[in-house]
Amino acid sequence: MSTPITKRAISIPPLYYRLIISLLKPLYRLQVWQRSHQRANYQQEVAQRFGKYYPPCPSNKITANNDKDNNNRVIWCHAVSLGETNTVAPLLDKLLQQGYQIWLTNTTQTGFARGASRFAEDIAQGRMSHSYVPVDSPAVIEKFLAHVQPIAALFVETELWANILTILAQQNIPSILVNGRLSAASFKRYQKISAVSQSMMQNLTLIIAQDEESAQRFQQLGAESSHVQVAGSLKWVINAPKITDINTQKSVITDITQPKIANEKIIDVDLGELNRPIWVVASTHSGEEDTALAWQQQLLAIPEHSKTLLIIVPRHPERFDEVAALIQKSGLKMVRRSHQDAIHAQTQVYLADSMGELMTWFALADVALVGGSLVDIGGHNPVEPASVATPILMGRYTQSCQVVVDMLAGVGALYQPYNNFYQAITLNGGSDEQVDEPFSEQDKSKFMQPVSDTDDVALIYEQLQFWLSHPHIAQLAGQAGAQLAAQQQSALTQQLTLIEEVIKQFATINN
């Protein structure tokens, strides 16, 4: 870090914000009741959100360095939901390896479930504690901090609360925004509450931004330039469970007329007939499965693609049954992961209604469509399929990960209609191999930028069909993505270094 962190004047949120939070607190409790009272963990959720009860603090009796002085070095990390939890997971792994203890909080049920499963071993062994985030009420926050006693607080991407940041500043606990991202739309929303935004920016100790555009927007909201650093995106760091020797599990294509053959050893499911094209639609939201099913029906009507298997992975587990009903309504032949059904030759759709297996489905697929991009969600992280050399399709709604999307499009690993950065893999794309199969002018046009009057959804389907028809080209696109993902891994080291520098500086200040 170029500039030492120094103590600054504490910025108190405006009175109207504090009054609104106070008035909304009972309404929020009612909302929690309406959403969660039928769940088994409802009492636990309410107790944690409103400061009634927390699990024991983490404690490492034996750290990675066998250093007893590392005990009671708890870092609080808040990740809103599933996406943020996945993004920050590798950073938390590194902090745990450094001998820190972690207190992880989540806002959503999905995020909480992911945190509990992703860090189950660390929680069981006492290196990590896990709870729902406290509401942004001073009394609740003070009780939470008194229990946790963190030496630093990390907030992932854009989840910030003015009262929390104020109390952290008052208690001289450094607050760090990690993997900070501020889209143009979010920036406009923060501008509408400029006094609150300025308070938060001034109370943050450090903002680690993903890119220069986000860094500039944070500064325009009131952050000092010396307290903003650009360190790349943690979205490039693989955070899901690894597939062992995945590169050896994917068959190298020597016959470009044949699809990749998935190896059944990478997952405990009977894949049935292996020699068939596979595409996955992952992290889907309402409206996206309908599109995928329509495309699958079109593919199956083509003799060349009559054996194609579609794997659907809904984003939220509460939609599993809803998606199963959609598939049944489509008339396509389905089996479900949750039923441990075997995939047979007649299976046309496999519903992957499970958690924690997304990387496996990406690894099995010849092509991956990343969800949250056909509907206005913002797009989910395309790095995971890229990391296992699977070419990627995404729709127009990628504002949550646009920088990553553009970089992958720039090497031909990701196709997004009308993306100006897209550079299609050519016939020799990154390889000295020559393809003997002749290509028609229509095929070659798939490498070019789409014409403006063509519907983008139709263009995505055309690219899907093209990659499935030309697996050698798809493989080259996937390899380009894997190479780029490997090159971008430095973001983890940079963000970890910045965090530890702040912790050391505050340890000196407080002493």
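Q: Is Ile 193 buried, partly exposed or exposed, and what is its relative accessibility?
A: Ile 193 has 35% relative accessibility, so it counts as partly exposed. Buried means under 20% relative accessible area, exposed means over 50%, and partly exposed is in between (1.4 Å probe, protein chains only). This is a predicted model: local features need pLDDT of at least 70, side-chain atom pairs count only at pLDDT 80 or more, and totals for chains, interfaces and linings use all residues. Residues are numbered from 1 along each chain as its sequence is written, and side-chain values use heavy atoms, leaving out hydrogens and water.

Q: Where does Ile 193 lie?
A: In the loop between helix H8 (184–192) and helix H9 (194–203). Helices (H or I, at least four residues) and strands (E, at least two) are DSSP runs, numbered from the N terminus.

Q: OK, new topic. Why is strand E1 largely enclosed?
A: Five of the five residues of E1 (residues 74–78) are buried, so the rest of the structure largely encloses it.

Q: Which residues sit on each side of E1?
A: Val 74, Trp 76 and His 78 are on one side, with Ile 75 and Cys 77 on the other. In a regular strand, side chains alternate between the two faces of the sheet.

Q: How does E1 pair with strand E2?
A: E1 and E2 (residues 101–106) pair in the parallel sense over five bridges. Strands pair if DSSP finds at least two bridges between them. Val 74 stands opposite Gln 101 in E2.

Q: And how many bridges join E1 to strand E4?
A: Four, and E1 runs parallel to E4 (residues 152–156). His 78 has Phe 155 as its bridge partner in E4.

Q: Which residue stands opposite Arg 336?
A: Leu 351, in E11. E10 and E11 (residues 349–351) pair over three bridges, in the parallel sense.

Q: Last one. Where is Val 281 found, and is it buried or exposed?
A: Val 281 is found in strand E8 (residues 278–284). Val 281 is buried, with a relative accessible area of 1%.

Q: How far apart are Val 281 and Leu 369?
A: They are 88 residues apart in sequence and 4.7 Å apart in space, C-alpha to C-alpha.
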